[in-house]
Amino acid sequence: MTRPEGAHAPGEVPIRRVDFLLVLVAAVCWGTGGVLGSLLVRREHLGVLSVASMRMLTGGLLLLAGLGLVGRLHTVRLSRAALVRIVVTAFLTAVFEVSFFTAVVTVSVSTATLVTIGASPVLVALWTTVVR
């Protein structure tokens with residue numbers, strides 16, 4: 001059965017080409033971050049804290065630029081609760097980044113990534129158990 005162009009089945013969400021490209025860019029950035037961080041630490045003799053800081057700063061600036069490009073930067077409301085969430089998220093991201101790149105230097109990129117992927121669901125389950 002064919003549908004008219006632009007028509008979708010109930011519950012079906014159309015995928016725009018730009019959405020696919022954004023996911024692809026995110027996957028490439030995520031997939032190469034550990035390797036590039038490892039190279040910066042080993043070949044350029046940068047510290048783990050420097051690599052993690054550069055990665056967070058670059059990511060934050062790219063997020064702000066993306067909001068600006070799509071015209072949504074002016075819609076961001078910075079209430080007290082939002083600022084608290086931003087600060088807590090930044091702190092936890094910093095802890096993760098430093099821990100991850102320390103693990104990359106200590107063991108390997110693949111082991112650090114495997115532990116990160118495996119530990120995430122466990123930590124989320126523990127958190128929800130404690131919070132509830």
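Predicted model: local features only at pLDDT ≥ 70, side-chain atom pairs only at ≥ 80, totals over all residues.
Visitor: Which element holds methionine 56?
Guide: Helices (H or I, at least four residues) and strands (E, at least two) are DSSP runs, numbered from the N terminus. Methionine 56 sits in helix H2. Its C-alpha atom is separated by 29 Å from that of isoleucine 15, 41 residues apart along the chain.

Visitor: How do I read helix packing, and at what angle do H1 and H2 cross?
Guide: Axes are lines fitted to C-alpha atoms, for helices over the stretch in contact, and angles run from 0 to 180 degrees between N-to-C directions. The axes of helix H1 (residues 17-43) and H2 cross at roughly 140° and come within 9 Å. That makes H1 oblique to H2. Angles under 35 degrees count as roughly parallel, over 145 as roughly antiparallel, 65 to 115 as roughly perpendicular and the rest as oblique.

Visitor: Is the crossing of H1 and H2 left-handed or right-handed?
Guide: A crossing is left-handed if the near helix is turned anticlockwise from the far one by less than a right angle, and right-handed if clockwise. The crossing of H1 and H2 is right-handed.

Visitor: How do H2 and H3 cross?
Guide: Their axes come within 9 Å, and the angle is roughly 135°. H2 is therefore oblique to H3. H2 passes H3 in a right-handed crossing.

Visitor: At what angle does H1 pack with H4?
Guide: H1 and helix H4 (residues 109-131) pack at about 135°, with axes 10 Å apart. H1 is thus oblique to H4. H1 passes H4 in a right-handed crossing.

Visitor: How many salt bridges are in the whole structure?
Guide: Side chains of opposite charge can pair when their charged atoms come close. The criterion is a side-chain nitrogen of Lys or Arg within 4 Å of a carboxyl oxygen of Asp or Glu. The search of the whole structure finds 2 salt bridges.

Visitor: Which side chain does glutamate 97 meet?
Guide: Glutamate 97 meets arginine 55 (3.5 Å, N to O). The pair links distant parts of the chain, 42 residues apart: glutamate 97 is in helix H3 and arginine 55 in helix H2. Glutamate 97 is buried because its relative accessibility is 7%. Arginine 55, at 28%, is partly exposed.

Visitor: Which side chain does aspartate 19 meet?
Guide: Aspartate 19 meets arginine 16 in a salt bridge (2.8 Å, N to O). Aspartate 19 is partly exposed at 28%. Arginine 16 is exposed at 53%.

Visitor: How do I read a nonpolar patch, and which residues make this one?
Guide: Patches are made of residues with over 30% relative accessible area and no salt bridge; like charges are joined within 9 Å, nonpolar side chains (Val, Leu, Ile, Met, Phe, Trp, Tyr) within 5 Å. Accessible areas come from the Shrake-Rupley method with a 1.4 Å probe; for residues, only the protein chains shown count as cover. This patch is about 1100 Å², and its residues include Leu57, Leu64, Val70 and Ile86. Helix H2 (48-69) and helix H3 (80-106) are the elements that give two or more residues. H2 gives the largest share, 5 residues.

Visitor: Why does leucine 64 count as partly exposed?
Guide: Leucine 64 counts as partly exposed because its relative accessibility is 46%. Leucine 64 lies in helix H2.

Note on methods
Residues numbered from 1 in each chain as written. Heavy atoms only, no water. Buried < 20%, exposed > 50% of the residue type's maximum accessible area, 1.4 Å probe, protein only.
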